Amino acid sequence: MAFLPGLVLARRYHDEVVAPILRGRLPALRYAAGLLDGGSEVLGLDTTRSTDHDWGPRVQVFVGPADVAAIPRIRAVLDADLPTEFLGWPTRFAGDGRLGVVDAAGTRHGVTLDEVAGWWRRRLGFDPIAGVGTADWLASPTQRLAEVTGGEVFHDGLDGALTARRAVLRWYPPDVWRYVLAAVWTRIAQAEHLPGRCAEVGDELGSRVVTGGIARDVLRLGLLLRRRWPPYDKWLGTAFGRLPGAAPAVAALAEATGPGDCTRRQAGLVEALETMARWTDDTALAAPVRARAGPFHDRPFLVLRAERVAAALRAAVTDPTLRERPLLGAVDQYVHSVDVLSDATRARRVADVLWSG
């Protein structure tokens, strides 16, 4: 069967199968539908490789509070009427997440049912329609924000409830954006002199490891500067490479993380950082720094002195509470555990402790 991007498949599944069933069997039901819950297809990055697990005809159906009690009935209708395949793709997920392995003990179809506000609270730890505070933004991993604002809404029969929530989360407020960018630049400032120092004592491996960490921060930084939610590491380079004007930075980072010696590594890293400094100035979020690389004190390592960019951004923050916070940033800037970042309750607990401390 021919590969279809998952979002195309999902929209067709809704329009051609799910919607007719709901209209025919439950004509009074008001619902919204889309695909916002994760997976490479939500980011538009799925390929034929993605089809080997937890991929296929999927739709999320949302109902309002008045229809929560009807969810079991809606589920029963779908269970009975959904076909076993669509456009040649099996529609049943087995318990191990694979499609097409029909197992009576654990098979499930790809149409989920949720009350709209409850789903958002489980996904993010808050319901954005009630407003998004600074603590909410900083407790939200950018992968989750990329998912819920990416994907597609196929139908919004809840007076725009699904669309409105996505719109609220399109991007950070200016002060939160400045703060998060300042946090990335601070991380870079803390590490940018270390690749040269490692290489100086013969630790090429250490130099490469530190450079790789800075390169990861640069990728996230570039996406944030271009108002794109950074995805998790599997798609970080892909997403960065698709940014307008990213090609020189991609080439510089390839040089920095490639097989060359420390001199080439330093040159690539400096070029990438100077590019990100120009992008930062271009946002007009702070007074321009026009940062260029120079020696690290009296040591023979070239650095950007990235703390200057962080300081300019911090100085432009108008919220006095946020302006005085340590430059830790959002939760996924200092936590890398998948088990924390994929669980809204855990991520919120970590972020709230640091926010209130």
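What is the volume of the largest pocket? In this model the largest pocket holds about 950 Å³. The model is predicted, so local features are given for a pLDDT of at least 70 and side-chain atom pairs for a pLDDT of 80 or more, while totals for chains, interfaces and linings use all residues. Residues are numbered from 1 along each chain as its sequence is written, and side-chain values use heavy atoms, with hydrogens and water left out.

The protein has 17 helices and 10 strands, where helices (H or I, at least four residues) and strands (E, at least two) are DSSP runs numbered from the N terminus. Along the principal axes, its C-alpha atoms fill a box of roughly 75 × 45 × 35 Å. Of the 357 residues, 52% are buried; buried means under 20% relative accessible area, exposed over 50%, and partly exposed in between (1.4 Å probe, protein chains only). Among contacts (heavy atoms within 4.5 Å) with a separation of 6 or more, 70% link residues 24 or more positions apart.

Rolling a probe the size of a water molecule over the atoms shows where empty space is left. Here a pocket is an open set of points on a 1 Å grid over the protein atoms alone, where a 1.4 Å probe fits, with protein on both sides within 12 Å along at least five of seven lines; lining residues have an atom within 4 Å of a point. Grid points are joined across faces, edges and corners, and the volume is the space filled by probe spheres set on them. The lining counts 39 residues, and Gly38, Gly39, Gln143, Glu147 and Tyr232 lie nearest the centre. At least two lining residues come from each of strand E6 (108–109), H5, helix H9 (204–225), helix H10 (233–241) and H16. H5 gives the most, with 4 residues.

Helix H9 also contains Ser207, which is buried at a relative accessible area of 0%. The side chains of Ser207 and Arg265 are joined by a polar contact of 2.6 Å. Such a contact is a pair of N or O atoms within 3.5 Å; within protein, one must be able to donate a hydrogen and the other to accept it, and residues adjacent in sequence count only if both atoms are side-chain atoms. Leaving aside residues up to four places away in sequence, Ser207 touches Pro195, Cys198, Ala199 and Arg265.

Most residues other than glycine have a negative phi. Leu87, in the loop between strand E3 (85–86) and strand E4 (89–90), has a positive phi of about 50 degrees.
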